[in-house]
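Subject: Handing over the structure, with notes

Dear colleague,

I am passing this structure on to you, and the notes that follow it set out what was found. Please read them with the structure open beside you.

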Amino acid sequence: MGCCENMSPERKHAVCRKMLCSGMILVMALIIMLGILIVKPAIYGRAFKPTTCTVVSSEYEDNVDCSCGRNCYTQMPCLVVMVTYEDRKNVTATGMLHDDEGELDQWSMCSYHSCSRSGQLNYDAVSRFEQNYGQVGETYSCFYNPGKENEVLLRKDYDNMVIFHVMFWPSLLLAVLIAITCVICAKYKCWLNEDDSPPSNYSRFGVPA
């Protein structure tokens with residue numbers, strides 16, 4: 001016997017509607033969250049072009065506050081690495097280095113960020129980045145923004161396939177959820193209003209009359 005067999009038609013109606021609304025809200029919230037955290041910086045990063053960067057300065061600004069989870073706040077050192085590069089016209093420009101697209105989108109004031117509960121771990125992580133990519137005179141491959149010469153990325157983490165997968169699978173999940181919910185609602189006639197529901201042998205509380 002199914003889990004809903006003992007429910008009154010009115011109760012089945014309410015449960016099905018809640019299932020549909022809750023599922024759609026959760027999946028749509030997931031799509032929006034992924035769009036903000038991944039798709040937005042990924043699309044912005046597509047404009048960046050490859051070049052070669054040379055470090056001209058590496059300095060620490062004041063520590064910045066960051067959230068390391070629910071009810072968790074800590075500080076991290078803010079490292080600013082400035083580099084020079086040549087654009088497509090072979091003109092030398094200066095920009096601020098950022099680790100990747102997400103770093104630029106979320107922490108544009110710093111070149112790198114680490115936001116764990118331990119302030120020492122944050123300092124160690126930023127220091128490693130400085131040792132690897134913040135030594136004056138060091139040269140390495142990077143990406144610059146032709147529209148904003150002061151924006152430079154060390155690497156690009158997202159490509160067109162990432163954007164496709166991030167949007168396709170949640171959208172497919174939403175479509176499957178809607179299809180499953182429609183099948184369930186068809187079985188239990190969820191779309192019927194209470195006035196249209198067939199006579200029931202159950203009270204409004206689901207108890208046999």
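Why is the disulfide of Cys68 and Cys72 left-handed? The torsion about the S-S bond of Cys68 and Cys72 is about -80°, and the disulfide is therefore left-handed.

Before going further, a word on the basis of these notes: the model is predicted, so that local features need pLDDT of at least 70 and side-chain atom pairs count only at pLDDT 80 or more, while totals for chains, interfaces and linings use all residues. Residues are numbered from 1 along each chain as its sequence is written, and side-chain values use heavy atoms, with hydrogens and water left out.

The disulfides

A disulfide is a covalent bond between the sulfur atoms of two cysteines. Taking as a disulfide any pair of cysteine sulfur atoms within 2.5 Å, a search of the whole structure finds four of them. One of these joins Cys68 to Cys72, with an S to S distance of 1.6 Å, and both Cys68 and Cys72 are buried, where buried means under 20% relative accessible area, exposed means over 50%, and partly exposed lies in between (1.4 Å probe, protein chains only).

Another disulfide is formed by Cys66 and Cys115, whose sulfur atoms are 2.1 Å apart. Cys66 lies in strand E1 (residues 49-69) and Cys115 in the loop between H2 and helix H3 (119-133), so this pair ties together parts that are 49 residues apart in sequence. Helices (H or I, at least four residues) and strands (E, at least two) are DSSP runs here, numbered from the N terminus. The torsion about the S-S bond of Cys66 and Cys115 is about 110°, so this disulfide is right-handed, and Cys66 is buried, with a relative accessible area of 4%.

Cys78 and Cys110 also form a disulfide, with their sulfur atoms 2.0 Å apart. This pair links distant parts of the chain, given that Cys78 is in strand E2 (residues 72-86) and Cys110 in the loop between H2 and H3, 32 residues apart. With a torsion of about -120° about the S-S bond, the disulfide of Cys78 and Cys110 is left-handed. Cys78 is buried at a relative accessible area of 2%, and Cys110 counts as buried at 0% relative accessibility.

The salt bridges

If a salt bridge is taken as a side-chain nitrogen of Lys or Arg within 4 Å of a carboxyl oxygen of Asp or Glu, a search of the whole structure finds two. In one, the side chains of Asp99 and Arg155 meet at 2.8 Å, N to O. Asp99 lies in the loop between E3 and H2 and Arg155 in the loop between strand E5 (148-153) and H4, so the pair ties together parts that are 56 residues apart in sequence. In the other, Asp100 is bridged to Arg155, and the closest N and O atoms are 3.6 Å apart. Here too the pair ties together separate parts, 55 residues apart in sequence, because Asp100 lies in the loop between E3 and H2 and Arg155 in the loop between E5 and H4.

Leaving aside its neighbours within four places in sequence, Asp99 is in contact (heavy atoms within 4.5 Å) with Ser111, Tyr112, Phe129, Leu154 and Arg155.

A residue of strand E5

Glu151 has its place in strand E5 and is buried, with a relative accessible area of 11%. The C-alpha atoms of Glu151 and Thr94, which are 57 residues apart along the chain, are separated by 8.8 Å.

The surface

Met161, Phe164, Phe168, Trp169, Leu172, Val176 and Ile180 make a nonpolar surface patch of about 650 Å². Patches are made of residues with over 30% relative accessible area and no salt bridge, like charges being joined within 9 Å and nonpolar side chains (Val, Leu, Ile, Met, Phe, Trp, Tyr) within 5 Å; the accessible areas come from the Shrake-Rupley method with a 1.4 Å probe, and for residues only the protein chains shown count as cover. Trp169, one of the patch residues, is found in helix H4 (residues 160-188) and is partly exposed, with a relative accessible area of 48%.
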